[in-house]
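Please read this briefing alongside the sequence and the three-dimensional view. The points below are grouped by topic.

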Amino acid sequence: MLTVRELLRDLDVGVLAGEANLDAPVRWVHISELADPTPWLSGGELLLTTGLSLPSAAEQRAYVAQLADHGLAGLGFGVGFGHEAVPEALIEAAAERDFPLIEIPYDTPFIAVTEKAFARLVNEQYALLQRSIAVQERLQRIVLSERGLDAIAAALATLIGGTTVVFDGRGEPQALHAFRRELPDDALSAVGAELRERARRTEARGFVPSHPDLAPRSLALPVAGAETTGLPQAWLVAVKDSGGLSEFDRVVLHQAVTVVALELLRRHVASSTERRLAGDVLSELVAGTVSGSDLTRRLEPFGLGGRVTALVLSPPPRAAGKGGGGPEACEAALASALRDEAVSGLVATASNHVCALLPGFLDEELFELSQRVLDRVVAKLGAVPAAGAGRAVAAGDARRAYHEARCALEARTLGRPIETNGHVSSNGNGTAVATKPTVATYRDLGSFQLLLSLQDSDALRLFCESLLGPIETGEGHYGGELMRSLEAFIECNGQWEAAARRLYCHRHTLRYRIRKIEELTGRDLASARDRIEFWLALRGRELVS
């Protein structure tokens, strides 16, 4: 930046005091004859005056004190107007404060000083503008090339010569890059805690982090989020390796806030599009409307080809204060767990289950991977979903892997109590004990293997029609409601309250529907045998649909 020393170079002026502070930056040059011009100054200016309003020594001393306290860069005193020479009181006061005091001869007009300063400052601002435009274009290219937040953080770290961190709205680091000096873990944790506290207080303004080692050389800026909440969706935090942030650093960081917002928007749009496409593919796969070469082609954009397999989770119910979170939270946890394992695939929700279609693995390798993924999901959710894995099949026949995984999952859980946040099994004495959650596989299918072997036969179709047909044909449109009630009742193991909650209806309404089903089919849903046959028919109908 322009300094007092550089401004005075080549000018016919004399320095009377404050030589030690001649390298102070000059933000602007201002001319005033007011006795107290400080209300119209913001600090960093070089003030020019002829002292017309400073007749007495006391006023002259007070004048210097006001300017020094207000943070001005210095005082240029023009002689030959109100004063033939710079007053001694003014010189003494400036020397006491080490405040730059410059004598400007009568033959040197103030405009010679201001023109030189303005030319230099304008050139500096133009250069700053050019550099900032180049920086903006560089950061925008990173977004357009889809290199992500890590690349943005790395570029910013190089530009400012320090560490840059992108936090999410909850104060969790999403991207971090250091220049030469690593940010200590305690400092990073302290900034995250401060961001969480500001989120709790719904504060969304930029600030200087309060950590004592960071405060002189750091800045935290909000990345605008939803207008409805007013809270930032993220925070950009920069810490210089040494020294304070320059004007260029601050301009770059304010520009980078917009770039980070664009990258987050790009990620959101890409993620939403991918989720929608994944959901469409999975829904069509489950419904059997796409298979063979068409399905193989639809799976290729998700990195799936050749052979594929399926991992199916039954999301734990939402429970206040106990984790869980339903299908959306389970889907997000499963996608995150697969990223942690560096496994690509398709993750989506269909038929109240969360499914991941994965590249084909050997059976033992697949089951080991599935168990690691389930463990990660449990850790992220704080709750235990039931899980099943299918064996690898050709990509065009992925529906078979999905149904094997789902049947294994349901065969494992059939007859067990409803679980909320733990895995339950029997110890052989009828007592429920907690165990580590494991992934169900084809080994757990037992007699349900018959369903899968018959999924392309007329025998299974006739069995399903004979049991479920009276419900649908006998009650018309209402038959669909009865079918949903039947499935919920069976999946909840005959527990009225749990099934009614799943259906969002009163238990008396559910009892009426179940009695209607029993009348139409001649079966007794209090009988475990009849419930199992209904379950087989419901699953079988999915296979042959």
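Which residue in strand 5 is the bridge partner of Gly 76? In strand 5, Gly 76 finds its bridge partner in Ile 102. This is a predicted model, in which local features need pLDDT of at least 70 and side-chain atom pairs count only at pLDDT 80 or more, while totals for chains, interfaces and linings use all residues. Residues are numbered from 1 along each chain as its sequence is written, and side-chain values use heavy atoms, with hydrogens and water left out. Helices (H or I, at least four residues) and strands (E, at least two) are DSSP runs numbered from the N terminus.

- An open sheet with mixed pairing is formed by 5 strands in the order 1-5-4-3-2, where two strands count as paired if DSSP finds at least two bridges between them.
- Strand 1 (14–17) and strand 2 (28–31) stand at the edges with a single partner strand each, so one side of each is left without a neighbour in the sheet.
- From one strand to the next, the twist averages 25°; here and below, axes are lines fitted to C-alpha atoms, for helices over the stretch in contact, and angles run from 0 to 180 degrees between N-to-C directions.
- Strand 4 (residues 74–78) and strand 5 (residues 101–104) run parallel and are joined by 4 bridges.
- Helix 3 packs on this sheet, where it touches strand 1, strand 4 and strand 5, and its direction makes about 70° with that of strand 1.

**Helix 2 and helix 3**

- Helix 2 and helix 3 pack with their axes 8 Å apart, at an angle of about 30°.
- That angle makes helix 2 roughly parallel to helix 3, given that angles under 35 degrees count as roughly parallel, over 145 as roughly antiparallel, 65 to 115 as roughly perpendicular and the rest as oblique.
- The crossing of helix 2 and helix 3 is right-handed; a crossing is called right-handed if the near helix is turned clockwise from the far one by less than a right angle, and left-handed if anticlockwise.
- Among the residues that meet here are Val 64, Ala 65 and Ala 68 in helix 2 and Leu 90, Ala 93 and Ala 94 in helix 3, contact meaning heavy atoms within 4.5 Å.
- The residues of the contact of helix 2 with helix 3 divide into 8 nonpolar, 1 polar and 5 charged, where Ala, Val, Leu, Ile, Met, Phe, Trp, Tyr, Cys and Pro count as nonpolar, Asp, Glu, Lys and Arg as charged, and the others, Gly among them, as polar.

**Salt bridges**

- Side chains of opposite charge can pair when their charged atoms come close.
- A search of the whole structure finds 23 salt bridges, each a side-chain nitrogen of Lys or Arg within 4 Å of a carboxyl oxygen of Asp or Glu.
- One of them joins the side chains of Asp 69 and Arg 97 (2.5 Å, N to O).
- Asp 69 lies in helix 2 (residues 57–69) and Arg 97 in helix 3 (residues 88–97), so this pair ties together parts that are 28 residues apart in sequence.

- A second open sheet has 4 strands in the order 7-6-9-8, and its pairing is antiparallel.
- Its edge strands are strand 7 (173–177) and strand 8 (218–223), each of which pairs on one side only.
- Strand 6 (residues 162–168) and strand 7 pair in the antiparallel sense over 4 bridges, and Thr 164 stands opposite His 177 in strand 7.
- Helix 5 (residues 148–160) lies across strand 6, strand 7 and strand 9 (234–240), running at about 40° to strand 7.
- Helix 6 (residues 185–200) also lies across strand 6, strand 7 and strand 9, running at about 40° to strand 6.

- The axes of helix 9 (residues 326–340) and helix 10 (residues 363–381) come within 9 Å and cross at roughly 130°, which makes helix 9 oblique to helix 10.
- Helix 9 and helix 10 meet in a right-handed crossing, with a contact of 9 nonpolar, 1 polar and 3 charged residues.
- Helix 14 (residues 478–491) and helix 15 (residues 496–503) have axes 8 Å apart and pack at an angle of about 135°, and are therefore oblique to each other.
- In the contact of helix 14 with helix 15, the residues that meet include Ala 488 and Phe 489 in helix 14 and Trp 496 and Leu 503 in helix 15.
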